[in-house]
Amino acid sequence: MILTAKTVIKTLPSGLLFIALHSGSALAAEPFGLDSPWMFGDWGGLRSELQQDGVNFQVNYTMESASNLAGGYHTATTARYSDQWQFGANLDLEKLLNWQDAEFQMTITDRNGQDLSNQIGDPRTGMLSSVQEVYGRGQTWRLTQFWLRKGFYNDILDLKAGRVTIGEDFDSVDSKFENLAFGGGQPGNWRGDHWFNWPVSQWGGRVRLNFTPEAFIQVGFYNQNPYNYNKGDGFRFEFKPTVGNLVPVELGWQPKLGHDKLPGNYRLGYYYTSANDDVYGSWREGEYNKNAHAYGGYLLAQQQLTAQNGDVNRGITVMFQTVLNDHKTSKTDNYQSLALTWKGPFDLRQNDEIGIGVSRIHVNSSYTRMLREKNQFNGETTYDSPTYLPIQKGAEYNYEVYYNIQASNWLQIRPNLQYVSSPGAVSKVNDAFIGGLSANVSF
C-alpha cells in the first residue's frame, strides 16, 4: 500500500496528526529559508503535498506596538504592545471528497496585550479609532471561523454558512495600516455593537450571486447575541439570548482595467439590524424614551493606477472609503478615509510597500447633545470631575504613513508614524504623535 498525504489525513486520529505535523516541522529541510512561505519550512515536503491534496494549515502571528511621542491625554511617553495568534486549517473538499467547488475553514485566534489608545484619548471616552488595530474585542481565545462554502451552477451561485465574521465577506479589503481607520469592514468599526468583524464570530452566512466573474451581489444574515464579543465567551455557540439579526446587502465589482489588467475592488452596501437601540435624541430626565432599529450604508473604492515597469505586482493603488450611519442610534454618524499605497517602489526592494492615509470620524450631534444633557442632569460642570462626561463633538482625524519591509516570504516588518487630531473628538485633549511598529510572521 502506498501512503499519500491524503491517506495519512484520513487514517490518523486528530491527536496523532497534531504530533506528526509538529514533529515534521523539526525535520523541515528549509527552516528560516528566505524563499519559503513559512518560517519552519516545508516539513520535508509534507506541507506542499498536503496542500496539493487539499489541506492547508495556517499558523500566523501579528504584533503591533505603539509609543506616544508627544501630546495626547497623557503627555508622558508611554508604549503598549498587543498581538494576535491565528491557528487555522482550510480543506479543499473537491480534492478531498470530490465535492465540487466546496471548502471548509476553521480558525482559532488568541489576542493579548494592551492598547495605547486609552492613553491618547481621555480614558473616559477613549479614541474613536485605535492606533493598534489588532487590539480589541476582548483579549481572549475565540473560535473565529467554522464555516462551509459551496458553489453551484459553475460558480454563479455561492453559499456560505457557519460561525463567520462579517468583514471577511462584506466591505472586505486587505490593509497593512496599523491604525484601525484604514482597514476593511469599516461599518463594523463605527457600528461595532451590531456589525462584528474579525476575530468575533457569530452564527450566520451569506448568499452570493455572480453576474459575471467581475460583478456580484450578496446578502448576509447574522444572528446577534451580546455574548459574542464578551471576553471568555469565544467558544459559546448557543443562539439565545438573541437580540436580533443583522442583514447586509452588497453590490460588488472587481475589474481588471486597461492593458496591464490593473485590479480594482468596488463595493456599495447597506445594512439593517432588527435589534432595538436607544435613540439618543430621546434622552430626558435620566432615561431614553424611544428606541429604533439601526441602519447604514458604505462605499469602498480601491483601484491600482499604475504597473511599474509593466509589472502589475508593483505600482500605486488608491483607496477611498466612507460609511454613513443613522442619526438616531449611532454615536458616529459618518466616516471617510483616503489611502495611497505603492508596492515595489525601489528596484532593489520590489516586494516592499509604502502607505499613507488620512481619515475623518464624525460624532453624531444627537450624541453630543445627549452628553450635555446628562452632565446637566447630574450637576456636572467641571471637566476634571471624575464623573463628568467629556463632550465629544465634531470629528477625530487620523493620519498614518508606513514602510513595509518584506524581509522574507514569511516575515513582514512595518515601522509607521501616526498623528491623531482631536482624539476622541474631545477638544480639551491635545493632538498626539505616535510611533508604531508592527510585524506579521507565517509559521
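Student: Where is Q84 found?
Tutor: Q84 sits in strand 2, residues 79-92. Strands (E, at least two residues) and helices (H or I, at least four) are DSSP runs, numbered from the N terminus. Two ground rules first. This is a predicted model, with residues numbered from 1 along each chain as its sequence is written. Local features need pLDDT of at least 70, side-chain atom pairs count only at pLDDT 80 or more, totals for chains, interfaces and linings use all residues, and side-chain values use heavy atoms, with hydrogens and water left out.

Student: OK. Is Q84 buried or exposed?
Tutor: Buried, because its relative accessibility is 7%. Buried means under 20% relative accessible area, exposed means over 50%, and partly exposed lies in between (1.4 Å probe, protein chains only).

Student: Which side chain does the Q84 side chain make a polar contact with?
Tutor: That of R111, at 2.8 Å. A polar contact is a pair of N or O atoms within 3.5 Å; within protein, one must be able to donate a hydrogen and the other to accept it, and residues adjacent in sequence count only if both atoms are side-chain atoms.

Student: What else is Q84 in contact with?
Tutor: Leaving aside neighbours within four places in sequence, its contacts include N60, Y61, T62, D110, V134, W198 and P199. Contact means heavy atoms within 4.5 Å.

Student: Switching topic. How many cavities of 30 Å³ or more does the structure hold?
Tutor: One. On a 1 Å grid over the protein atoms alone, a cavity is a set of points where a 1.4 Å probe fits but cannot get out. The largest cavity has a volume of about 40 Å³. That volume is the space filled by probe spheres set on the points, with grid points joined across faces, edges and corners.

Student: Which residues line the largest cavity?
Tutor: R142, L143, R163, P199, V200, S201, N228, D233 and G234. Lining residues have an atom within 4 Å of a point. P199 is also one of the contacts of Q84.

Student: How does that lining divide?
Tutor: Into three nonpolar, three polar and three charged residues.

Student: Now the strands. How many bridges join strand 13 to strand 14?
Tutor: Nine, and the two run antiparallel. Strand 13 covers residues 291-304 and strand 14 covers 315-325. Strands pair if DSSP finds at least two bridges between them. G297 stands opposite L324 in strand 14.

Student: And what joins strand 14 to strand 15?
Tutor: A hairpin, through six residues. Strand 15 is residues 332-343, antiparallel to strand 14 over 10 bridges. F320 stands opposite L338 in strand 15.

Student: How many residues are in the hairpin from strand 17 to strand 18?
Tutor: Two. Strand 18 is residues 411-421, and the antiparallel pairing has nine bridges. N398 has V420 as its bridge partner in strand 18. Strand 18 also pairs with strand 19, residues 432-442, over 10 antiparallel bridges. There, N416 partners G436.

Student: Back to strand 13. Is Q303 buried or exposed?
Tutor: Q303 lies in strand 13. Q303 counts as buried because its relative accessible area is 8%. A 2.8 Å polar contact joins its side chain to that of Y266. Not counting residues up to four places away in sequence, Q303 touches others too, among them P255, L257, I316 and V318.

Student: Last topic, loops. Where is L389 found?
Tutor: In the loop between helix 7 (365-378) and strand 17 (395-408). L389 is partly exposed, at 27% relative accessible area. Beyond its neighbours within four places in sequence, L389 contacts L371, K374 and N375.

Student: How far apart are L389 and R124?
Tutor: In sequence, 265 residues; in space, 7.2 Å, C-alpha to C-alpha.

Student: And where is the place of G45?
Tutor: In the loop between helix 2 (14-26) and helix 3 (46-52). G45 is partly exposed, with 29% relative accessible area. G45 and E30 are 15 residues apart in sequence and 9.6 Å apart in space, C-alpha to C-alpha.

Definitions and conventions. 1 Å grid on protein atoms, 1.4 Å probe; cavity = no way out; pocket = protein on both sides within 12 Å on 5 of 7 lines; lining within 4 Å. Nonpolar A, V, L, I, M, F, W, Y, C, P; charged D, E, K, R; others polar.
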